[in-house]
Every structure is written in structure tokens, then in C-alpha cells.
Amino acid sequence: MKPIIIIGAGHAGLTLAREIRALDKTVPITIVSQDPIQAYYKPNLSKALSMNKSADQLIMKKLGALKNDLHAELFENTSVLKITHEKKSIICQSKGSDNKKLETFELPYENLIIATGASPIELPIDGAFGNVISINTLQDYALFRKKIKYKKQILIIGAGFVGCEFASDLTSNGYQVDVVDRTSWPLEQAIPEQVGIAIKHTLSENGVNWHFQTTVDEINNDGLGGLKVQLSNKTMIKPDVIISAIGLQPNIQLAKAANLSSVRGIVVDEYCQSSANSIYALGDCVEYDGQPLPFIAPATLAAKTLAKTLTGNKTKLVLPPQPVAIKISNCPTLICPPKTKEGSWQINGVDQDLEAAFLDNKNELCGFVLSGKKTALKGEYLSRC
Amino acid sequence: MSNSKVWQCLTCEFVYSEAIGIPEEGIPPGTAWEDVPEDWLCPDCAMGKDDFAMQEVQNESSFI
């Protein structure tokens, strides 16, 4: 019997394997990952300083434990070069270690699941290469911790989910943080101005220096081991370390090369199936209704649903409203992104304790943001959504 | 509370302790897992209670 092959061992891939195994004890499962295979909770990367955890301590399960739990064949540090749908197989290449050569091999599949995730968008700025880090994997995180050791001054480019959480985590742990973003308030793409201003104030009190409505023009070495960053509003910043958090792009190269339909992410139907038979896609590499949803909850739910389909119980994916929690010290925030852009925000509350309801043109609640003490209203809002 | 149990989310490792509850979400200390509302969502990863796979971890009292 040919196996179910999962490409990618991030949250989506490993959750799918776990859910398949819970439903079917015998179906063969193979996981191929270009990274080391270990389970960790990616949202913790931007909170781990406050959790007092190192990169290693963030690992929830290592290769051996996963192998045991999943009864799966695991190929780590192995790239997939090509999908051949006519033959229902993939061509893999394991990365050679010091004394091992690159090895290429073919694996046949019964069903193939692409769960290749998303990668940080590279900064198109002079001097960025080698001077800017993005933190999207556990290995990135380990490098980041090495880089900030004995340093003080951090510049974060991007004031979205990841940028704001890192700003909070770093300032709460004694670092001086500047944040640059071309928008006008934190999380501008997801929340209304009034809530954004509240978060901005809270993080300012924590020590964050904001630079909104401006961009980075140039990055140079200052000749003394530090960096010089010129902003387009003429401000000069001298950080020790620069983090780029300007967003993710779905990893669709493999799908594209196999002629699967993709736009921003891999296009899937309501059964998580791609445009080709027996090939499915899951998690951050996918777009749902034209929109990537790079969050844990939709990936988990998609994995659970697809596991049913793959074990013989064809099930449609229905994504309910799922709030995303953002950890900002002194101002926890919950965002349940509106499903439509047509409508308007209605905001109540004072200071940082705000509730913002997004009402569509029929006056129905279709998204919300809760901050500070108002996060306690989560249940009530969800039941109305 | 000698039978108080601790549950952990499989996805994000959020810990629910029956002894502590989650007072800020209106779940008072001493609330058994089965009495946590069915529409409750994990505060960290937002998965629901039944398809969320909280697993019982070591019973607190058994450490003693």
C-alpha cells in the first residue's frame, strides 16, 4: 500500500499526521521536511523571552517521540525537488552532512499533501542582505537569541502581528526597541485606528519608539560592529540587530512547478484538494477564498477535516470565526478578522479597554477586536458572529 | 481539591488547571474540565473544547 505523503513538518503537517493516525492505526504515513522534524508552537517564537525559554526549550516533541506517536516514516533535512502526478510520486533530495553526499530518491504516494508553509518576504532594501534577520523557524529563533545576547538596541521593521509581539517581548525584557512601518498605527490592516492607538500607547509606555508613515531607505555598517539605518523621514537609527517582520508569502514554488492552480497561495476546494487529483494542500501555503490565513486555528481545523477525508469520510472544511490572540504586555488583544471589507467599525470603551465590532452593510457582526479588559467579552462576541 | 486535574492543549501547550480555573474568562477556581462551557476556546490557539484535544496531564495530587 502506497503511503499518504505529507510535505512539510510544521504545525499543519504534523497535526494532519496526528489526526490521520488517531482515525486510522495502520495507513502508512510519510513526512518529508526540508528542516529538522520537531514539534513546536510557532506563535511562541515572539513570546519566548518572557516565557524564559530558549529555542531548545520550545521544542514540544523531538523526532524520536514523533516517530513513536505517529508510526510514520520521517525524512528530515530532505527537500522535495519535484512532484510527478502522472506517476503519483515525488523526487526527494536529502541534504548531505559533512561526510554524506546528496542523495536523490523517489517516493510513490497514494495521496499527497502539500504543507510547505510560508516564508518571510525579503526586504527589498540596500544593505539588508546579511544585516537583517527574519524569525520564522526554530532555527531562525536560535540565531536571533545568539545575535541579541549582550546587545541592547533592536530595530523591528513591520508593525503587524509578529512585529508587535516581538516589540512587546523585547521591551519587557530590557531591550530598547524601535519599530518602523509605512502605515499609521500598529496592526493597521487588521484593526481600527482607535484600538491601534491604544496599543501604540501601551507599547510606548513599555519603551517602544514608533516610526510610522515612513520606510527604511538604507542600511549600512557603522564600522564599529553596529548598524546605521536611514529612514525616509530622515531619522537615523543605530540598532545592534534588525528584525524584519513585514509579512509572509506562501511557499508555492513546488505546486507551481507541478502546474497546480495557485495565486497568492495554493488554490484548494472545500475538501482542501488542489486542482490535481490526490493532491491536497494545507496551512500557510494555501489561500482560502483568495486569502492566505497564516494562523494556527484555521490550519488545525483544516488538518482535522482533511484527516477525515483521507481516511474515507469525505468532509467539507467550514471555517468558523476564530479569534487570534496577540500578546502585548498590559494590553492583551483578540482579533477576529472581518470576512468582508464592506462595512464599518463601531467602537466602545475607554483607554485600552476597547471593543470594536465590524458591522457589514446588513448591520450584522462579521468581525471584531477586543483589547484590555474587554477581551473577557470573547464568548459573547463569538456567539453573535 | 485533592482530585483537581490539569489539562493541556495538544496544539499550544496551554495549561488548564481545574484548581485555578480562568477567572478572567469567568471560569472560577475549582471548575472541573467537564463543566467548562462547550463553546469555550483555548485562550492561546483558539481551538474549541471538543476538537481541541486537551489531554489530562499528571494529576497534581499524585506528585505528593
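Which residues are buried in helix α3 of chain A? That was my opening entry, made with a reminder to myself that this is a predicted model.

**Helix α3 of chain A**

I looked along α3(A), which covers residues 138–148, and found L138(A), Y141(A) and F144(A) buried. I then asked why they end up on the same side of α3(A). They cover an arc of only 110° around the axis, so they share one side of the helix.

Next I turned to the other side of α3(A), where Q139(A) and K146(A) are exposed.

What do the buried residues of α3(A) pack against? I noted two partners in chain A: β3, at residues 39–40, and β11, at residues 132–133.

I also checked what comes just after the helix. There, Y150(A) takes a positive phi, about 65°.

**Chain B**

I moved on to chain B and its secondary structure, which comes to three strands and zero helices. Read from the N terminus, the order is β-β-β.

How many of the residues of chain B count as buried? I wrote down 19% of its 64 residues.

I looked at contacts inside chain B as well. Taking those with a separation of 6 or more, I found that 52% join residues 24 or more positions apart.

**Where the two chains touch**

My last stop was the contact between the chains, to which chain A gives 13 residues and chain B gives 13 residues.

Technical notes: Residues are numbered from 1 along each chain as its sequence is written. Chains are lettered from A and ligands numbered from 1 in the order in which they are written. This is a predicted model: local features need pLDDT of at least 70, side-chain atom pairs count only at pLDDT 80 or more; totals for chains, interfaces and linings use all residues. A residue is buried if 20 or more other C-beta atoms lie within 10 Å of its own, exposed if 12 or fewer, and partly exposed in between; C-beta atoms are placed from the backbone. Helices (H or I, at least four residues) and strands (E, at least two) are DSSP runs, numbered from the N terminus. The arc is that of the directions from the helix axis to the C-beta atoms. Two residues are in contact if their C-beta atoms, placed from the backbone, lie within 7 Å.
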